[in-house]
Amino acid sequence: MTHRGWFSLLAPATLALVSISPVGAQVPSNTIPVSKNWNAGRTPDGQPDLEGVWDAASMTPLERPAELGNKEFYTAEEIVAYEKKRAHDLDRDRRDGSAEADLGRAYNDGWFDRGAHLASDRRTSRLIDPPNGRFPAMTPAAAKKYQEMHAWLVQHADDGPETRMLPDRCLVFSQSGPPFIPGNYNNYYQIAQAPGVVAILSEMGHQARMIPLTTGTVTRPYLPENMRQWQGDSVGHWDGQTLVIETTNFRASDQSRFGVQYDGMSDENLRVTERFTRTGPSTITYRATVVDPTVYTQPWTVEFPMEKAESRVYEYACHEGNYGLVGILSGARAKEKAAQKK
């Protein structure tokens, strides 16, 4: 279920600045169209105003259906048909199909808040590069490691809490990123600005990123290479009206993924460049480019609109009263005991 609430700014943290230049990569232009005859305004210290609560929920899929090829946008007529089909496909209250299919739909639809319409940009996928809207292939070494880890998890995923995937342990979430990858619920983001810093609170996981800004002669030192965090080490700067956030120093494990919305692997070489552009009175366009040369054969980029919301962001306490992990592990022990009796 979604949770909406409020947060206050903390003291600016000192984080690292990293320059990301995907060598030889074909990436989308950094210029994002802005509504004509409109100005975002400025905060008291002169930053372009991104403050507020923003909603990234929509029916737009992360990857483009393969049959659409390089088709980037739907027509108005296609949107009507798409939304009708998508609503049916995503309906958790359906009771057609096998018992296994019914079980796979898990919770009823009341617990989901994925959006009732295609995103306002009319895109056929949030992934905009590669041009086919599909994730690029992994390198041979990464693909081998990925397969081996999945094979290991078949036997050992329930050994203990440390062997469960990172989202199960409330450590990493698709929605909170970076990069942001909207999911089935908790797709709100609250942005607050103060001199020299931008704070972004993700509803999912209730994780707040404090992002120091490089402005003029004010620079930020690099964190040491051995200081790593699950959400990486971020620093921002303004490129005209666009807030650019560059993140490195991600903490990595054999189970490092991008949350539950995309199971693709990442490692310690992950670099993410995010761009936030206020493109209209009620819209921020979010774009993020992922570079991880030891995992992916080329960079990939997601883009989607974030719409202004009037709601608050309530706390999402992932482990408060959460008996799911206890149930998973106790169920596994019971299964082992039953097997021993046979």
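Predicted model: local features only at pLDDT ≥ 70, side-chain atom pairs only at ≥ 80, totals over all residues.
Student: Why is threonine 139 called buried?

Tutor: The relative accessible area of threonine 139 is 14%, and buried means under 20%, so threonine 139 falls within that class. Threonine 139 lies in the loop between β2 (127-129) and α3 (140-156), and, leaving aside residues up to four places away in sequence, threonine 139 touches Pro293, Thr294, Val295, Tyr296 and Thr297.

Student: What makes the pair of threonine 139 and threonine 294 a polar contact?

Tutor: A polar atom of the side chain of threonine 139 lies 3.1 Å from the backbone oxygen of threonine 294, and the cut-off for such a pair of N or O atoms is within 3.5 Å, so the distance meets that limit.

Student: How do you know that cysteine 170 and cysteine 318 form a disulfide?

Tutor: The S to S distance between cysteine 170 and cysteine 318 is 1.8 Å, and a disulfide requires the sulfur atoms to be within 2.5 Å, so the pair qualifies. The structure holds one disulfide. Cysteine 170 lies in the loop between α3 and β3 (188-194), while cysteine 318 lies in the loop between β10 (300-309) and α4 (324-341), so the pair ties together parts that are 148 residues apart in sequence.

Student: Why is this disulfide called left-handed?

Tutor: The torsion about the S-S bond of cysteine 170 and cysteine 318 is about -65 degrees, and the disulfide is left-handed for that reason. Both cysteines of the pair are buried, and for cysteine 170 the relative accessible area is 16%, which is again set against the limit of under 20%.

Student: Which peptide bonds are called cis?

Tutor: Most peptide bonds are trans. A cis bond joins aspartate 129 and proline 130, with omega of about 10 degrees, and another cis bond joins glycine 177 and proline 178, with omega of about -5 degrees. Proline 130 is placed in the loop between β2 and α3, whereas proline 178 is found in the loop between α3 and β3.

Student: How do you know that the buried residues of α3 line one face of the helix?

Tutor: The buried residues of α3 are Ala142, Met149 and Leu153. Seen down the helix axis, these buried residues fall within an arc of 40 degrees, so they line one face of α3. On the other side of α3, Pro140, Gln147, Val154 and Gln155 are exposed.

Student: What makes strand β6 largely enclosed by the rest of the structure?

Tutor: Strand β6 (residues 233-239) has seven residues, and five of the seven are buried, so β6 is largely enclosed.

Conventions:
Residues numbered from 1 in each chain as written. Heavy atoms only, no water. Buried < 20%, exposed > 50% of the residue type's maximum accessible area, 1.4 Å probe, protein only. Helix = DSSP H or I, 4+ residues; strand = E, 2+ residues; numbered from the N terminus. Polar contact = N/O pair within 3.5 Å; in protein donor to acceptor, adjacent residues only side chain to side chain. Contact = heavy atoms within 4.5 Å. Arc of directions from axis to C-beta.
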